[in-house]
Amino acid sequence: MIRHIALKEILNNLYSFKFIVVTLLMVVTMIMSLFIMYNDYQLRMENYEILRPSSKEPVAIVPPTPLSIFVRGLDETIGRSYLVRFAGQIEVGSGQQAVNIVFRLFTSPDWMYIVKVIMSLCALLFSFNMVNGEKEAKTLGLVLSNSISRPTLIIGKWIGGFASFIVPFILIFLSGALVILISPHVHFAGEQWVKLLLFFVSSVVYLAFFYSLGLFLSSVTHSQASAIVLALFLWALTVFVVPNLGNTLARQFVKIQSVQQLELIRNRTWIKAVFEAITARRRGDKSASFDNAMRSINNENDKLIADYRTRFNTLVALSKNITRISPAAAFTYLSTDVAGTGIIEEQRVKDAVIQYKDMVWNKPTDSDGNVVGDFPPFSYQRRSLEDILAKEGFANLLVLTLFALLSFTAAYVVFLRYDVR
């Protein structure tokens, strides 16, 4: 009986106007996204090839990952170039930043953004009238007056409705992945395909939550107008309000200096150390030297950066814990971590840059303050899938799954008590 109900729901959706609109929206947005992000990735790769240093340059730079085509995240920041200069100072270059300057004004239109914002809204619009719509049409009472039980009906409607929504998404996703596979300019390693598969699974679970949420709202209201208002309110709260409010709230508990303040302190440390060295030499203190001043500057900078990063990591951890109550935030953290474009990846890159600086900072410098000599190449490996799941990935996936199960359970329980009259 569940199969018959599901097939009936699929057929009803296939002939509905909302199915045509949602499917066209999926096709247009996901294809345009793939085109834009693919070209953006190619430009960033070209920039990387130009900026890639020789053995005479103490520069650390990380190539963009092909997974950034689907989940751009912080790959722009991760792909910056870092130049080691006088006294161990690290100068942040433009790297692969702002290849497309429009991204400064608007969010990058990658697939993660489309799923998180556009597809989640479509899932709600697909299911907000599944129960109350039939009640208004006077068909729900007739169906339940037969031998069909309420559990059978709600499960069948969920399966059929979600299948008719998610199948076009799956087909478009697989087609886009195939296009990238056959592209001569993008090279995926074996594990990257597994990561892409995990991103796909998390997208389906995330959309299942919003679809079940729409079904729940349809089962607690008696008119479609009420359900759509509640659906839009909860969608905006989940996708936009809670993640941004959580980040703001976290800043109230963790005090941290701004980047501008950090630079001012570093410049003051540099000027103070050099001035003290010059003054000591003028007094005839032979023990004072610029080498000692450089070590002093390097040590003070290390302490300053260590303190700043400790506070920053605390802020990030607290912000994640607060915003994770939103499935949109959990989906964002999981997607960016899996793609190697998340916050943890950026932190690891900066750790690697500091380690590289410790290897090369005490080389001779020229008159412009540039470190000169032969330098080992900077190497960096993005996290493996095993490490991602062991750290936070599995927890975020579990949060998403629990949200999806809870929303379906709520819809199921409420429908059992729904007044069909």
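1. The side chains of Glu392 and Lys320 form a salt bridge, with an N to O distance of 2.9 Å. A salt bridge here is a side-chain nitrogen of Lys or Arg within 4 Å of a carboxyl oxygen of Asp or Glu. This pair connects distant parts of the chain, 72 residues apart: Glu392 belongs to helix 14 (residues 385-416) and Lys320 to helix 11 (residues 290-323). Helices (H or I, at least four residues) are DSSP runs, numbered from the N terminus.

2. The model is a predicted one, in which local features need pLDDT of at least 70 and side-chain atom pairs count only at pLDDT 80 or more, while totals for chains, interfaces and linings use all residues. Residues are numbered from 1 along each chain as its sequence is written, and side-chain values use heavy atoms, with hydrogens and water left out.

3. Glu392 is partly exposed, at a relative accessible area of 21%, whereas Lys320 is buried, at 4%. Buried denotes under 20% relative accessible area, exposed over 50%, and partly exposed the range in between (1.4 Å probe, protein chains only).

4. A further salt bridge joins the side chains of Arg348 and Glu345, at 3.2 Å from N to O. Both residues lie in helix 13 (residues 343-360), where they are 3 residues apart, about one turn of the helix. Arg348 is partly exposed, with a relative accessible area of 31%; Glu345 is buried, with a value of 1%.

5. Lys357 and Asp358 also meet through their side chains in a salt bridge, at 3.0 Å from N to O. Lys357 is buried, with a relative accessible area of 2%, and Asp358 is partly exposed, with 40%.

6. In total, the structure contains 22 salt bridges.

7. Lys157 deserves a separate entry. This residue is located in helix 7 (residues 150-182). Lys157 counts as buried because its relative accessible area is 1%. Leaving aside residues up to four places away in sequence, Lys157 is in contact with Ile5, Glu9, Met130, Glu134 and Tyr211, where contact means heavy atoms within 4.5 Å.

Methods:
Helix = DSSP H or I, 4+ residues; strand = E, 2+ residues; numbered from the N terminus.
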